[in-house]
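Please look through the model below with its charged and aromatic side chains in mind. The paragraphs that follow lead from one site to the next.

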Amino acid sequence: MVRLTSRQVALIAVFAALYYVLALITPYVPAIGFADIKISLEALVASVFGILLGPYLGCLTAFTGAFVAWVLPPGSMSPLGAAFLIAPALNALVTGFIYYKKWKYGFITLLALITAFMLMPPSQPLTEYGYVGALVVWDKVIALLLIIPTVILAKRLSSSPKLIPFLFFLLAFIGNQADNMWGSLAFAVPVVYNGIYGLNLETVRFLFTVSPLVYPAIRILQAIVATIIVVPLVSRLRKS
């Protein structure tokens, strides 16, 4: 059993509180065509957690923050958000894996999420509805393929420190795509789209295909904001 030190507990509490505060002040973006699903923009800080705290502590911190934001207002334990609670945690986990030289685990995690989605009812059978899966995962596949270049870039930072912001942008983009992939996967499960949201399969397929370019743009914006946050933090930590 892994025991957390008092310092780690304090870090989790501080950053989870930050997550909750951002949940209070950050506007939600409704999903295209279905306003009951809202994109939590504050989840972008999960990438920062993964970079600053590592994959495991960052993952735990992101989940704690998301859970608190779900239990307390504005979440108020709504069943509509329960299925998506671990999305920010996966962001921090994948980001941390890549940044802390365990990129193979991050690669496998994102690949598993992509593969699992392609096996869900909205994409089945692939011969007929494979286009649904393709429209959902194309940008996640790009993020997956960016992992190895990101690792190579990280190795060159000692000789090119000016590349640090670009590295953090790539990390945040990949992490946010892992977040988004879990959201898509969770929504593709019948007990979620039908049991919680009361939608039929054809409607779900439509929602997955209605805006294949909007969500990648949101992830790019989140990655930019996360980069703006994390660059000065990492610089300050290194100096101290």
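Which residue lies over the face of Y129? R205 does, at 3.4 Å from the ring centre, where a charge sits over a ring if NZ of Lys or CZ of Arg is within 6 Å of the ring centre and within 35 degrees of the ring normal. This is a predicted model, in which local features need pLDDT of at least 70 and side-chain atom pairs count only at pLDDT 80 or more, while totals for chains, interfaces and linings use all residues. Residues are numbered from 1 along each chain as its sequence is written, and side-chain values use heavy atoms, with hydrogens and water left out.

R205 is buried, with a relative accessible area of 6%, the term buried standing for under 20% relative accessible area, exposed for over 50% and partly exposed for what lies in between, with a 1.4 Å probe and protein chains only. R205 also forms a salt bridge with E202, the closest N and O atoms being 2.6 Å apart; a salt bridge is a side-chain nitrogen of Lys or Arg within 4 Å of a carboxyl oxygen of Asp or Glu. E202 and R205 both belong to helix α11 (residues 201–209), three residues apart, about one turn of the helix, helices being DSSP runs of H or I with at least four residues, numbered from the N terminus. An α-helix has 3.6 residues a turn, so residues three or four places apart point the same way. E202, for its part, is partly exposed at a relative accessible area of 46%.

The whole structure holds two salt bridges. Besides the one between E202 and R205, K140 forms a salt bridge with D139, and here the closest N and O atoms are 3.4 Å apart. K140 counts as buried at 3% relative accessibility, and D139 counts as buried at 2%.

D179, in helix α9 (residues 164–187), is buried yet has no salt bridge, and R219, the nearest side chain of opposite charge, is 4.4 Å away; here Lys and Arg count as positive and Asp and Glu as negative, whereas His and the chain ends are not counted. When its neighbours within four places in sequence are left aside, D179 is in contact (heavy atoms within 4.5 Å) with A43, A87, P88, N91 and R219.

Helix α9 is also one of the partners of helix α8, whose buried residues pack against α5 (87–99), α6 (103–118), α7 (126–145) and α9. In α8 (residues 147–155) the buried residues are I147, T150, V151 and L153. They cover an arc of only 160 degrees around the axis, which puts them on the same side of α8, the arc being that of the directions from the helix axis to the C-beta atoms.

The aromatic side chains complete the tour. Rings of Phe, Tyr and Trp (its six-membered ring) pair if their centres lie within 6.5 Å, and planes under 30 degrees apart count as stacked, over 60 as edge-to-face and the rest as tilted. By this rule the count comes to 13 aromatic pairs. F63 and F67 form a stacked pair, 6.0 Å centre to centre with 25 degrees between the planes, and both lie four residues apart in helix α3 (residues 55–71). F63 is partly exposed at 31%, and F67 is partly exposed at 35%. The rings of Y129 and Y131 have their centres 6.4 Å apart and their planes at 40 degrees, so this pair is tilted. Y129 counts as buried at 16% relative accessibility, whereas Y131 counts as partly exposed at 46%. Finally, ring pairs link F117, F187, Y197 and F208 into a cluster.

Terms used. Helices (H or I, at least four residues) and strands (E, at least two) are DSSP runs, numbered from the N terminus.
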